[in-house]
Amino acid sequence: MSGNSRTQRGKPKREQVRRKGALVLSLDFELLWGVRDKRSVETYGENLRGVRRVVPGLLKLFDTYGIHATWATVGLLFCRDRDEMMAALPPATLQPQYDDMNLSPYPTIDQVGVDEAADPYHYAPSLIQEILAHPNQTIGSHTFSHFYCLEKGQTAASFEADCEAFSRVAAGYGLKPTSIVLPRNQFNQEYVGVCKQYGIIAVRGNMDHWLYREKTEEEETTLRRALRYGDAFISLSGPRVFPLAAIDPVVPVTIPATRFLYPHKSFTAAFDWLRLLRIKNEMTYAAKFGFAYHLWWHPHNFGKDYEVNTAFLEKILQHYYALHERYGMESLSIEDVADRVIEGKV
């Protein structure tokens, strides 16, 4: 018999290090500021009030399954009362002058209540403090005013003033966030430099597929929205995963969103098993082959049908934990991803 077959034909092959897959979670925390141009307290109040239950519930789930998450928070939610809010506003000359001024909160901001107790739709200091009290949770920026970076009428100067206002209110909590999620995913490459000036190292972007590329509200179509919803159930765009090693390490790092976690809808509830299967299959693919999978949603999406939505999410987190045990899949926040990319640890 010959000797060790591994070495008799020359040098042993170098063992390849298998990259671990990653589940990335980000939440757009905005309350009424994020939907005020489309919905009202009368039409959407149940969802918004439900956030007072959703946030503690999500934090409990995240603690249970060891989940890291980024909470991209609208700056106006940090304000503790109306006096603080009014003092925090950018100068009127630097507030965005959208062609569609219904997008701006400033013309009607004097109608906001006096504080969180009187107006739970516009303030959230108690919820922000609760998030900060839990491990592995980070607060990111969702801009100060839910700023729309691609809409006509806004400028780089107004975006910079918005960033400055956010920086001030966050500092009141001892925070200097290093990530930003741009409202409606309106990623504007021209503003990346401004983000960097304010210490931002991570920006949530969009995956390069025509269904998911950034659009203005005017450019967005009902067909594209419908196809994205269909893509949540059956594969219309392929597996929504990406390799961390392919992310450009130039700061701020752009981390693509993979999939929006749609809430329960009664008219498609019978097919939710397909939606869950699509997510779990994509997660498994990411875990097996060392890709990242980035889920995002708004806390207010779960404000109605809370039990159904959190039960659905828990099934996802249970699957993550099984993948963590079997393949070493990790849970990462946006900031965690950026740190690894910048340090070359991907």
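**Exercise 1.** Leaving aside neighbours within four places in sequence, which residues is Thr310 in contact with?

*Solution.* This is a predicted model. Start with location: Thr310 sits in helix α8, residues 306–327. Now set aside the neighbours within four places in sequence; Thr310 is then in contact with Leu61 and Phe302.

**Exercise 2.** Decide whether Thr310 is buried or exposed, then find the backbone oxygens its side chain reaches.

*Solution.* Take the relative accessible area of Thr310, which is 11%. Buried means under 20%. Therefore Thr310 is buried. Next, the side chain. A polar atom of the Thr310 side chain lies 2.8 Å from the backbone oxygen of Tyr306. The Thr310 side chain also reaches the backbone oxygen of Glu307, at 3.2 Å.

**Exercise 3.** Describe how helix α1 packs with helix α3.

*Solution.* Two packed helices are described by the angle and the distance between their axes. The axes of α1 (residues 41–65) and α3 (residues 125–132) come within 10 Å and cross at roughly 5°. So α1 is roughly parallel to α3. From α1, the contact uses Val51, Arg52, Val55, Pro56 and Leu59. From α3, it uses Ser126, Leu127, Glu130 and Ile131. Sort these contact residues: 6 are nonpolar, 1 is polar and 2 are charged.

Note on methods
Residues are numbered from 1 along each chain as its sequence is written. This is a predicted model: local features need pLDDT of at least 70, side-chain atom pairs count only at pLDDT 80 or more; totals for chains, interfaces and linings use all residues. Side-chain values use heavy atoms; hydrogens and water are left out. Helices (H or I, at least four residues) and strands (E, at least two) are DSSP runs, numbered from the N terminus. Buried means under 20% relative accessible area, exposed over 50%, partly exposed in between (1.4 Å probe, protein chains only). A polar contact is a pair of N or O atoms within 3.5 Å; within protein, one must be able to donate a hydrogen and the other to accept it, and residues adjacent in sequence count only if both atoms are side-chain atoms. Contact means heavy atoms within 4.5 Å. Axes are lines fitted to C-alpha atoms, for helices over the stretch in contact, and angles run from 0 to 180 degrees between N-to-C directions. Angles under 35 degrees count as roughly parallel, over 145 as roughly antiparallel, 65 to 115 as roughly perpendicular and the rest as oblique. Ala, Val, Leu, Ile, Met, Phe, Trp, Tyr, Cys and Pro count as nonpolar, Asp, Glu, Lys and Arg as charged, and the others, Gly among them, as polar.
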